[in-house]
Amino acid sequence: APFYDYKTTFRFSLVVAIRLDAVEEISNKFNKAHPRYHPLTETAIFQLRRFMPAQETEFAIVTEDDIKEAFVALGPIIKERIVPFLDQTQDIPAVAEAMNLAEVLKVLPGTASKSAIAMAWLTKHPDFDKIAARHQESISGYPQVQESVSCLLGLQSEVQDALTSHRLRNL
């Protein structure tokens, strides 16, 4: 049988994902997915365009040479921008700052919202209520996610009440 080359074009980009266990332990308490998938959740996902502003961040691959060209283009970006970024975002405050918690992502709204709310709470963000409200609004069309976020916010409130009560008792 003859071999046919359909000249299929594959398109790809990269994302940089960060997982902070402290954040995901909180977020995953309200994750409806099977617990075996919880270790796979990410706290923050950063698009390649963050590291390549004003540059094309989607690569079209048709030939083997296209693959080589894409890796040649990405090599310096990874070395000079992504690796230093990852070196600088090793803890909760640094990742929270990089996340821009007030921004509501349009992809994976539930996952991103739960992580953003948990992160804002852990960092005692001064705009926590506004951040939580904005993320709640973004998931209005996702009843299961709304339930998870409501539980997360309820837990935050319960923990805050318990801490306040504990502090008052120890005065």
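Helix α2 holds 25 residues and spans 34 Å from its first C-alpha to its last, close to the expected 36 Å at 1.5 Å a residue (1.5 Å times one less than the number of residues). Helices (H or I, at least four residues) and strands (E, at least two) are DSSP runs numbered from the N terminus. The model is a predicted one, in which local features need pLDDT of at least 70 and side-chain atom pairs count only at pLDDT 80 or more, while totals for chains, interfaces and linings use all residues. Residues are numbered from 1 along each chain as its sequence is written, and side-chain values use heavy atoms, leaving out hydrogens and water.

With pLDDT being the predictor's confidence in each residue, from 0 to 100, the protein chain averages 80, and 72% of the residues score at least 70. Confidence is highest in α2 (residues 64-88), at a mean of 95, and lowest in α6 (residues 143-169), at 59.

A bend of about 45° occurs in α2 at I78, taken as the angle between axes fitted to the seven residues ending there and the seven starting there. Buried residues of α2 are A70, L74, I77, I82 and F85, where buried means under 20% relative accessible area, exposed over 50%, and partly exposed in between (1.4 Å probe, protein chains only). Their cover includes β2 (15-18), β3 (44-47) and α3 (92-99), by contacts of heavy atoms within 4.5 Å.

Strands β2 and β3 pair antiparallel over four bridges (pairing takes at least two DSSP bridges), and V15 has Q47 of β3 as its bridge partner.
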